[in-house]
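Let us read an interface together. Keep the model open while we talk.

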Amino acid sequence: MNRGPMNDQLTMVRRLWRVQVMNELQYRGNVALQLVHSVIALGVALAAVQFVFARVNQVNGWTRTELLALVGVFTLVGGLMAMFIRPNLFMLVADINRGTLDYVLVKPRDTQLLISVRAIDLWKGVDVLLGLGIIGWATTTMTDGPGLLDLLAFVLSTALGVVILYCCMYCLFATAFWFIRMDEAAALVDAVMQTGRWPMSLYPGWLRTCLTLLIPVAPGIGLPAEALTSRLTPLVLVGQFAFAVAYFVLCRWFLRVAIRHYSGASA
Amino acid sequence: MTRSDGRSRSPEDEVILVEDLVKEYQVPERDAGLRSAIGSLFRRQVRTVRAVSEVSFSVAAGEMVGFLGPNGAGKTTLLKLLSGILQPTSGHVSVLGCVPGQRAQSHLRRIALLMGNRNQLQWDLPAADSFELNRAVYRLGKAEFQRSRDELVELLDIGDLVRRPVRLLSLGQRMRVEIAGALVHQPAVLFLDEPTLGLDITMQKRIRAFLREYNTRHAATVLLTSHYMADIESLCERVVLIDNGRIVADGQLAGLVDKVVTHKEISVTLADGDDDLSDFGQVVDRDGERVRLRVPKADTAVVTAKLIASDLITDLTVRDPPIEDAIESILAGGVGG
Amino acid sequence: MTGRIRALAAFYVVMMKNSAVVCFHYRARAIILLLVTAMEAVVYLALWTTVAATSPGGTVGTWTASGLAAYFIVLTLVRQMTTTSSPQGIEERVHSGQFSVALLRPMHPVHGDIAEFAGWKVVLAGLWLPVAVVLTLLFRPTFDFGWLEVVVFLVAVTTAFLIRTLYLWLLGMTAFWLTRASAAFDLFMSVELLLSGRLMPLSLLPDWASTVSSALPFRWVFGFPIEVLVAGLRPAELVHGLVMQAVWAVLCGAGVLVLWRSAIRRYTAVGQ
């Protein structure tokens, strides 16, 4: 039965996701509702850009279509987070509160892998699709659209950005092992993520630093959008890669520390 | 140390070895009131709680051991230390030759944990799907998985239940499928925390019967916590009494009880409701014509004969006092001479 | 009649006092929600001050960068003062059957909500001050108000809270009829965001949006109170604003009363 460890992990992950998809398919009504919510949210974002551009024709060097591309990236990354990262975070906190994390700890699998992939919010895929759609529309109507290299950089930067956001979220929510209640933290993170709707160059230096190191909105959303609008330099992309690697190592270590301090919800 | 069948143990027999195990928690403490609330912003007061205090014991392969004790005694904490979920503050634990706290994957594949009031199967899906998931998690081959699953389905009689979403099952049905899910990977050691909690009497009996059968077939080592005396009586030859994090007694249930139970109970029905039986023994209870007497064990035969000869009674029963009382007194005073 | 009013007043006093104590107890939560609001303002602050700074003349419309900074800092206060019961909360109460209890009381449940959230305001205002100081140091606003404006502001913000509570109650009551009202809530709150002055000062809205906004109550809940303190409004404009607020308050109040009657009829007929 030795198919090799990597193949093995992938099989398990596939099984976990298959179970999740089956879970979600039980509630088919949700897809229509999700569509409505996603369209409304997108509508508001697009309207906001429209309103701003009723007064000016560029924001810090960003044209209207470039800002629309940013809206697309925001929706895409937000959708990816809502689909893959948030459901697992909430399940982790719920398990810590209810004491059912014990079952995860007793499974013969890497704990971080289990708590990271066992939940999916399938219907948030609508946001991912809408985001891609807006990106596609914006990049094709841009006067000076992204070239092949830019698109490649965009894909890479988005992947790295999601990894960085994953690490930040897990480090933050791992504090639930100590503090237990995380509802407000989630709301605060959400509010900070809203800064990603506009170009990072808008924000004062101190804020940009916070948005890179504290809640990584800049690497998560800003950089992919810059790649798409041909603003991303190879040096910065390499920097993003290094940051992702370092953050992942930190995250893995911190989760280990957090689990070791886990004392169970009840004696 | 001798095993329950009388032969002396060698370390190779021991599946579980616990030595001077200690688990302490820091619990924040705060008085009520606004001043204390503000004070707690600056200085956090903590109290150290000893949930498990210098516990030592060992368990041989295939043994079924029951941990009995009042709520908050430390049974669940002990079980979590043995399954590796909690790290000890000090002391040594070894399960199947491994330190459980390290949670080596090869080790985790040989143990199972089941907590009575906490589910781990997927709530909205049929149990069969969760079993398949466990198969992937525990890396079971197709043939061995099917054999194990079929056996469990048969033993627990859940054939038609596994295709229904778990949320639609009754509590007893849910417990049975949960047990199946927990055992499908054929663990060598089972940790059961209050497995019959909340179930009705019939279901409790069924689950106990299953656990006995499983233990016989697979020689799995079973550690079980419960505050239902009936669980322990029915399943475990060996019982460990725990109170305040310490082991108060450890040995065969019958032996423990015998040491402590020094009296027997005689229940009689009086022919004439007014008679006083205090000459015969200590009157424990009087309910109209029914009287309960407590007599020293050695005197039972004599007192019984006297009562029958006295013509004062129309009915008589001799029995041991409830085991709970014996356990309570052990917990209160320890197993003395 | 005066007895009823006195009883109501007594109820409000007790509710508000209790609610203030509870709010203080959960101040950590309140602080985080305050930071959430501040974050929102910081985004628009950064956006509009940059737009102003990079525009010819350093203004957008009639607004300077420092004027816009003032606008959004006051916005954070107005946001705090207008937090109220959410339509989702009302929907939950409808579906969980909690309204059964409310039906048995001789007082409209909206009073409980108003009193509860009103009790928070003092604590919220207190927590807001340090945040406002930090934002002022970071973004350098210019303020332009006198004592008259302060008084009008206090009245305006109180009425704004009342109006918002009432129209969100109206929105929440649709839960009596709709099984999945969340889409309606989402749409409503999105329109509120865009046309109330939360996204940008009302004078900067495109003309068509401005027209639509004048037919809705949202601008009188956010835009107007903010402008009282930062826009240097003329006395006539101040009066006009207060009158419009009063009109909307009455309209929404009437709506709640009317809709409540038919909501009860439906609730007691259908169950939940």
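**Where two chains meet**

The contact between chains A and B takes 31 residues from chain B and 23 residues from chain A. Two residues are in contact if their C-beta atoms, placed from the backbone, lie within 7 Å.

A: This is a predicted model: local features need pLDDT of at least 70, side-chain atom pairs count only at pLDDT 80 or more, and totals for chains, interfaces and linings use all residues. Residues are numbered from 1 along each chain as its sequence is written, while chains are lettered from A and ligands numbered from 1 in the order in which they are written.

Q: Which element gives the largest share of the side of chain B that touches chain A?

A: Helices (H or I, at least four residues) and strands (E, at least two) are DSSP runs, numbered from the N terminus. Here H4(B) gives the largest share, five residues. Helix H2 (75–83), helix H3 (105–108) and strand E5 (111–115) of chain B are among those that each supply at least two.

Q: How do H1(A) and H4(B) pack?

A: Two packed helices are described by the angle between their axes and the distance between the axes. Axes are lines fitted to C-alpha atoms, for helices over the stretch in contact, and angles run from 0 to 180 degrees between N-to-C directions. Helix H1 (residues 5–25) of chain A and helix H4 (residues 127–137) of chain B have axes 8 Å apart, at about 160 degrees. They are therefore roughly antiparallel (over 145 degrees).

Q: Which residues of H4(B) make that contact?

A: B:Asp129, B:Glu132, B:Leu133, B:Ala136 and B:Val137 do.

Key:
Angles under 35 degrees count as roughly parallel, over 145 as roughly antiparallel, 65 to 115 as roughly perpendicular and the rest as oblique.
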